[in-house]
Amino acid sequence: MITGIVKNKIDKIWTDLWAGGITNPLTVIEQLTYFMFIRSLDEKELENEEFEHMTGQKMEKIFPQSEVGQSMRWSKFKEKDARVIFEIVSQRVFPAIKKLKYGQLPDFNERGELIEIPDNIYKKEEGKAAFARYMEGATFLIPTPQVLQKIITGLDDLYEHDISDLDMQGDLYEYMLGKLATAGQNGQFRTPKHIREMMVELLAPTPEDYIIDPACGTAGFLVSASEYLRKNYEDTMTNEQWEHFTSTAFTGFDTDYTMLRISAMNLMLHSITNPEIDYKDSVSKQNQISSKYTICLANPPFKGSIDAESINDDLKAVTNTKKTELLFLALFLRLLRTGGRCACIVPDGVLFGSSKAHKSIRKELVENHNLQAVISMPSGVFKPYAGVSTAILIFTKTEAGGTENIWFYDMKADGFTLDDKRSEIPENDIPDIIKRFHSLEKEGNRERTEQSFFVPKEEVVKNDYDLSINKYKKVEYIPVEYPPTSEILAEIKELQKKISEGIDELEAMLEV
């Protein structure tokens with residue numbers, strides 16, 4: 001759990017970067033990500049050295065054994081003069097980590113030139129490969145030695161005194177990501193942690209699952225899924241399941257290299273050392289993956305221009321459109337194995353849009369698969385990013401139908417105010433949503449006036465596959481009895497009399 005002290009320390013580092021001219025929150029997080037990674041390499045090296053000393057077993061080294069190579073270690077440079085740290089990090093460490101290969105950093109020759117590690121077809125890249133893969137385009141942006149020293153000192157203080165385990169590192173990163181308060185240019189924005197956790201709880205993944213988010217951003221859904229697995233299965237998982245957990249269990253795609261770097265670091269800090277994080281335009285012809293995953297968790301972009309020629313023909317066959325929110329629904333179905341489940345966020349327009357493309361994707365879900373639930377969320381859930389109204393769709397890929405009754409829930413509160421401040425409040429429907437969803441057999445007798453209820457498939461079909469809750473919810477009007485008009489007039493006259501008497505008293509006081 002992140003305490004006020006830890007928040008104050010990370011805010012201080014953030015302020016130092018801000019004062020140094022780095023004001024974009026995403027850039028701040030990206031730069032801090034690099035330094036967290038640099039420190040983690042030295043921590044891993046120290047662990048290897050300790051293991052080697054205790055067992056006598058030779059371990060592969062991350063850092064070159066030369067004087068220059070050893071000077072790149074966090075523990076060696078952190079207490080040096082600010083100008084020396086700046087030179088080491090900018091001229092040696094940063095160029096080296098951009099060329100990290102096979103879990104090893106390259107060395108420098110006598111002229112200060114980097115000696116790249118040659119490709120080795122017999123050696124498989126391992127460890128932090130996912131993050132290292134996206135370091136090549138990284139840029140060192142720290143403006144001065146003084147700012148860099150403050151970052152190094154601040155982070156080292158956090159790690160030495162406040163961050164005791166991977167959970168704490170993950171919480172720290174989550175707090176930093178919480179500072180992202182603007183939507184991306186393609187309409188992507190960070191899904192609040194409590195909403196992600198609710199969606200994971202609804203699907204309840206197991207250690208055997210293959211989990212994907214094809215628009216992963218900062219990998220929030222994958223992190224939430226990993227935390228759920230550790231919370232519920234950590235004591236019972238086999239070695240094979242742990243191996244799966246650290247590598248093949250989690251897959252994420254994105255078209256933003258900054259996001260890929262951040263998501264790879266985010267997963268690494270949650271014990272997932274080698275996830276399948278790839279640069280991929282998920283709805284394009286570049287992505288041919290089909291029937292591979294058992295769980296899909298996503299909040300795909302709701303806008304952004306897509307070249308019609310680049311859209312995968314498989315998706316256009318399901319919904320012929322350029323709208324990303326519709327194409328991603330078709331993509332989820334293609335990515336999942338038969339029996340695979342999906343929980344995804346869609347804008348309200350998907351639920352009731354009247355275009356042929358809107359209707360076709362809803363028909364596909366209802367007729368050819370098992371659409372289980374539509375959870376309507378209040379429009380303030382994504383503030384301060386956006387005020388868009390959204391819903392969560394939960395469905396299972398069957399390719400043989402299966403939809404009989406669709407469960408609707410009208411979420412009114414998520415535990416936070418629905419304004420830009422998003423302050424915590426007691427009202428919260430999320431525990432109730434989870435409880436009811438996992439006991440759907442008890443939901444059959446609920447009235448349409450209640451917060452949740454079933455709607456038969458036949459009724460949805462008659463309404464052009466409309467999935468908006470307002471189409472089916474009944475509003476209960478409670479008659480209000482008002483007093484007779486004569487009584488209301490009498491009260492008004494009495495109020496006027498009191499006002500007149502008050503004015504007379506004020507006038508009398510002024511005359512005195």
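**Why these labels?**

Me: Why does A204 count as partly exposed?
Reply: The relative accessibility of A204 is 25%. Buried means under 20% relative accessible area, exposed over 50%, and partly exposed in between (1.4 Å probe, protein chains only). So A204, at 25%, counts as partly exposed. The model is predicted: local features need pLDDT of at least 70, side-chain atom pairs count only at pLDDT 80 or more, and totals for chains, interfaces and linings use all residues. Residues are numbered from 1 along each chain as its sequence is written, and side-chain values use heavy atoms, with hydrogens and water left out.

Me: Why is R422 called buried?
Reply: R422 has 13% relative accessibility, so it counts as buried. R422 lies in the loop between β11 (414-416) and β12 (424-428). R422 also has a positive phi of about 50° without being a glycine.

Me: Why does Q241 count as buried?
Reply: Its relative accessibility is 15%, and therefore Q241 is classed as buried. Q241 sits in helix α11. Q241 touches P207, E208 and T236, leaving aside residues up to four places away in sequence. A contact means heavy atoms within 4.5 Å.

Me: Which residues of α11 are buried, and what do they pack against?
Reply: In helix α11 (residues 239-246), the buried residues are Q241, H244, F245 and T246. They pack against α10 (220-233) and β4 (250-254).

Me: How do you know that L172 is buried?
Reply: L172 has a relative accessible area of 1%, so it is buried. L172 belongs to helix α8 (residues 166-177).

Me: Where does D504 lie, and why is it called partly exposed?
Reply: D504 is in helix α19 (residues 485-511). Its relative accessibility is 47%, so D504 counts as partly exposed.

Me: What makes the negative patch that includes D504?
Reply: E494, E501, D504, E505, E507 and E511 gather there on the surface. Patch residues have over 30% relative accessible area and no salt bridge; like charges are joined within 9 Å, nonpolar side chains (Val, Leu, Ile, Met, Phe, Trp, Tyr) within 5 Å. A salt bridge is a side-chain nitrogen of Lys or Arg within 4 Å of a carboxyl oxygen of Asp or Glu. Asp and Glu count as negative, Lys and Arg as positive; His and the chain ends are not counted.

Note on methods. Accessible areas come from the Shrake-Rupley method with a 1.4 Å probe; for residues, only the protein chains shown count as cover. The place of a charge is taken as NZ of Lys, CZ of Arg, CG of Asp or CD of Glu. Helices (H or I, at least four residues) and strands (E, at least two) are DSSP runs, numbered from the N terminus.
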